[in-house]
Structure formats: C-alpha cells, structure tokens
Amino acid sequence: MKAVQYRTVGNAPEVVEVPVPEPGPGQVLLKVTAAGLCHSDLAVMSWPQEQFPYPLPMTLGHEGVGTVAGLGSGAVGVAEGDEVAVYGPWGCGLCRACAEGRENSCPHAAGLGIMPPGLGSPGALAEYMVVDSPRHLVPLNGLDPVQAAPLTDAGLTPYHAIRASLPKLVPGSTAVVVGVGGLGHIAVQLLRALTPARVVALDVGKEKLELARAVGAHETLLSDGEAAARVRELTDGVGADVVLDFVGAEATLAVAGASVAVAGDVTVVGIGGGTLAVGFGGGLPFDVSVCAPYWGSRRELIEVLELARQGLVSSHIETFSIEDAPLAYERLHAGEVSGRAVVLPHG
C-alpha cells in the first residue's frame, strides 16, 4: 500500500510502498478514507536530530477517518464496514483521566511508550492503518468522512479550548481568534454555535480574514502592531474576555496579552514557539488565566461530530491525492492552504 512517511530528519516526507498492516490482539484495521494535514506535522519535521523523539520511518497523519476493514482477536465494539473517526490522543486506558475519556491528559502514556497515530505511531496518511483499540474509534453516523477528518484535531482542539472558557463567554462578551487557519476557522464557528459572544478574528492574510467573515466572525482585523489597540477600541477599552491564539508565535502572543481584559483568558493553542510572561506585574492585566491545552477528550470528539451533523460546524477543505501529499505539505508550510488540507488515500 502507499503511505506518506517522514523517513530522514531534515528531509521532506515521501510517498512509499509498505505492506498492509495486520491488526494484533484487540486492534482494528481501518481502510483510510480521509486524513487531514496539520501544522503540528510541520513542527515535528522541523525538529533537529538531537531533539527528535520518534522512531523513523514514521507514517504521518494524526487526523483520520476510515472504514473498519479487519479486527484483531478480542476486538469488540465495531464491525467490518463501520465508518469511524479516529480519536488520536491515546492513553493507558486505565488511569482516572482515561476512565473519564480524557486520554489527552493521561499521565502515563509517555512513560509507557504510547504515542498518537502520526506522532510516533503509524498514522492515517496511508491506505490502511491500525488503531490500537476500538475505544479510539467514534462512529460517523452518516457524517461525510472527508468533512469529518479535520474535526478529529482541527475541530476537537478548539472545542476543548473553548469549553474551558464558556463561563466567561456570556452575552456582551468578546472572544478574539488569532490565526484563521485550519483550527482557527473552526474555532470561529464553534464560538458562534456555543456562545453569544462577539467574535473578532485576526490574521495577516486577506483571504483568511475573508474566510473568517464567511464562517461567522463579527469583526475581522489585520494582525499587526495596531491589532490590540483595535480590539480595545471595539470593547470600549476593556479588552477581550477570551483570546485564543492559534499561532503561538512571539508576535501573536504579544497581541494576545495586550488584548485581554482583566480576569480574562489567554489560551495558547498554536505551537509557534513564542512565550508569554506570567506573573504579578508581568504586564498582563490582573486575574488573567493563561492556558496551553492539548487536543481534547473522547466525549468532546463525540460532541464535535454531533455539531457537524447538525450543520453548526464544517471544515473548509482542499483535497489532495496521496501522491500529492508532499506538495500539500509544501503549500501548508507556505501558507497557501485556506482551511484544512485533506488527503484521500484511495482517490
């Protein structure tokens, strides 16, 4: 079968031929229908040799949906032919966090060598993939699989982040979304679906600001040195109750810190390498909470997919063949993908 692998540190990903995997005890074989590409993949492929934590070669892709094609011995709960989405942040399955469905918060996964698909384990950018347990599969129940693939991360991650701030997103509040890419354009929709807050979107690209308006942003602003002042103008000098930074660079975090209101939330979702000083007298308004969330729970993925079935959230996508996946990564790196790039391994 064809797979997209990162094979050598510092080199571009390659499309290669590898054997179709076989599911072991308790595992599930999926015929992959669609797989999303993420900036996290680019970040991983930018790490130097001395910092690279995963075995190579590694099949990429941590956003996947597919059809159950085979079951290992003892695997129950799904049947061949079921269309499912893959829940990516795999945990030990035994601790309190995992028992609550919060495998993204499992404290034992790293120590046990448990790694997410596409981020250490073989991922979804292949014609077939093995999922370690049926508990990591969520039924699509009629949802378009191509639409669903990005929701497993680009939908789940902002949903998890926004849910934590829902008590502050009351009528009359303001939420700022910094970066309207694969995650940010879904965050705008989630904010509109879940809250009465005014949604202000910031980005450096005209096309992405147009996308933000198309998916429901009340206001769009160029993300530059004047952005924070404009946010404060829109809020009568108060600032935003919640700022969600989907870039995470020094420049965007500076805007986030300068835009947030007293007792507001700054949520750093992007992995752009920036930092934000936190501490008394450190420059942030009093009582501001700063959080760096990771993915989301299985329950939250179920809820995101239900919002999509109800037509309240959708992925703006551009599709690619598996042979064109390296090109898709190039375009993603260059900022030329509007929304989410999705690979269709079987055409």
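Colleague: How much space lies in the second largest pocket?
Modeller: About 220 Å³. This is a predicted model, where local features need pLDDT of at least 70, side-chain atom pairs count only at pLDDT 80 or more, and totals for chains, interfaces and linings use all residues. Residues are numbered from 1 along each chain as its sequence is written, and side-chain values use heavy atoms, with hydrogens and water left out.

Colleague: What counts as a pocket?
Modeller: On a 1 Å grid over the protein atoms alone, a pocket is an open set of points where a 1.4 Å probe fits, with protein on both sides within 12 Å along at least five of seven lines. Lining residues have an atom within 4 Å of a point.

Colleague: Which residues lie nearest its centre?
Modeller: Pro21, Pro122, Gly123, Met129 and Val130, out of 17 lining residues.

Colleague: And by class?
Modeller: Eleven are nonpolar, five polar and one charged.

Colleague: New topic. How many aromatic pairs does the structure hold?
Modeller: Six. Rings of Phe, Tyr and Trp (its six-membered ring) pair if their centres lie within 6.5 Å; planes under 30 degrees apart are stacked, over 60 edge-to-face, the rest tilted. Trp47 and Tyr54 form a tilted pair, 6.2 Å centre to centre, with 45 degrees between the planes.

Colleague: Is Tyr54 buried or exposed?
Modeller: Buried, at 19% relative accessible area. The cut-offs are under 20% for buried, over 50% for exposed, and partly exposed in between (1.4 Å probe, protein chains only). Trp47 is partly exposed, at 29%.

Colleague: Which residues form the aromatic cluster?
Modeller: Tyr6, Trp47, Phe52 and Tyr54.

Notes: Grid points are joined across faces, edges and corners, and a volume is the space filled by probe spheres set on the points. Ala, Val, Leu, Ile, Met, Phe, Trp, Tyr, Cys and Pro count as nonpolar, Asp, Glu, Lys and Arg as charged, and the others, Gly among them, as polar.
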